[in-house]
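Opening the notebook on this one.

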Amino acid sequence: MPAKLSAPLCRRLESAARRAAQASYSPYSQFRVGAAVLCGSGKVYTGTNVENASYGLCNCAERTAIFTAAAAGERVIRAVAVYTPTPAPTSPCGACRQVINEFGPTALIISVCDQAGRLETTLDRLLPDAFGPGALRRRRRA
Ligand code: THU
């Protein structure tokens, strides 16, 4: 899966992530995040962070978007865009990197914010030597 998107597709994904952040439920951190995932079908799914009074149950924007995509039957992630209304771009947290790896081990990861700075990398650079589905297929029977 090549980690390269056309400029219009990139822009579409970034604006979807920006729009998704508007629905952020983040009363505890006040840190709004929006994510958009481009899947194998060509469809884009979005998500935002959803926090909880039991803090450990907060769900990141990226995982909200990915679980929505998976529930719609998608199994390939080509790219993920993350938007935060901050001066610097935000990279996906470790838990989200692991979840992206399940469906997009070489996915393009784009982070954008309210200033010109942006990050563009790939999941395998953010999570080298990842644990993934292949490790379970290789296991020996006890
Ligand atoms: N958050 C995300 O949505 N994505 C990330 O990759 C990092 C953190 C959210 C979780 C929580 O609601 C808030 O940002 C502060 O950690």
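Predicted model: local features only at pLDDT ≥ 70, side-chain atom pairs only at ≥ 80, totals over all residues.

**Sheet**

I traced an open sheet of five strands, ordered β2-β1-β3-β4-β5, with mixed pairing. Its edge strands are β2 (44-48) and β5 (118-122), each pairing on one side only. From one strand to the next the twist averages 15°.

Residues are numbered from 1 along each chain as its sequence is written, and side-chain values use heavy atoms, leaving out hydrogens and water.

**β1 and its neighbours**

I looked up β1 (residues 34-39) against β3 (residues 77-83): they run antiparallel, joined by six bridges. Alanine 36 has alanine 81 in β3 as its bridge partner.

Helix α1 (residues 7-21) lies across β1, β2, β3, β4 (108-112) and β5, at about 140° to β1. Angles run from 0 to 180 degrees between N-to-C directions, with axes fitted to C-alpha atoms, for helices over the stretch in contact (heavy atoms within 4.5 Å).

**Cysteines**

I searched the whole structure for disulfides (cysteine sulfur pairs within 2.5 Å) and found zero. For cysteine 93, the nearest cysteine sulfur is that of cysteine 96, 3.7 Å away. For cysteine 113, the nearest is that of cysteine 10, at 15 Å. Cysteine 113 is buried at 2% relative accessibility, while cysteine 93 is partly exposed at 31%. Buried means under 20% relative accessible area, exposed over 50%, partly exposed in between (1.4 Å probe, protein chains only).

Conventions. Pairing = 2+ DSSP bridges. Helix = DSSP H or I, 4+ residues; strand = E, 2+ residues; numbered from the N terminus.
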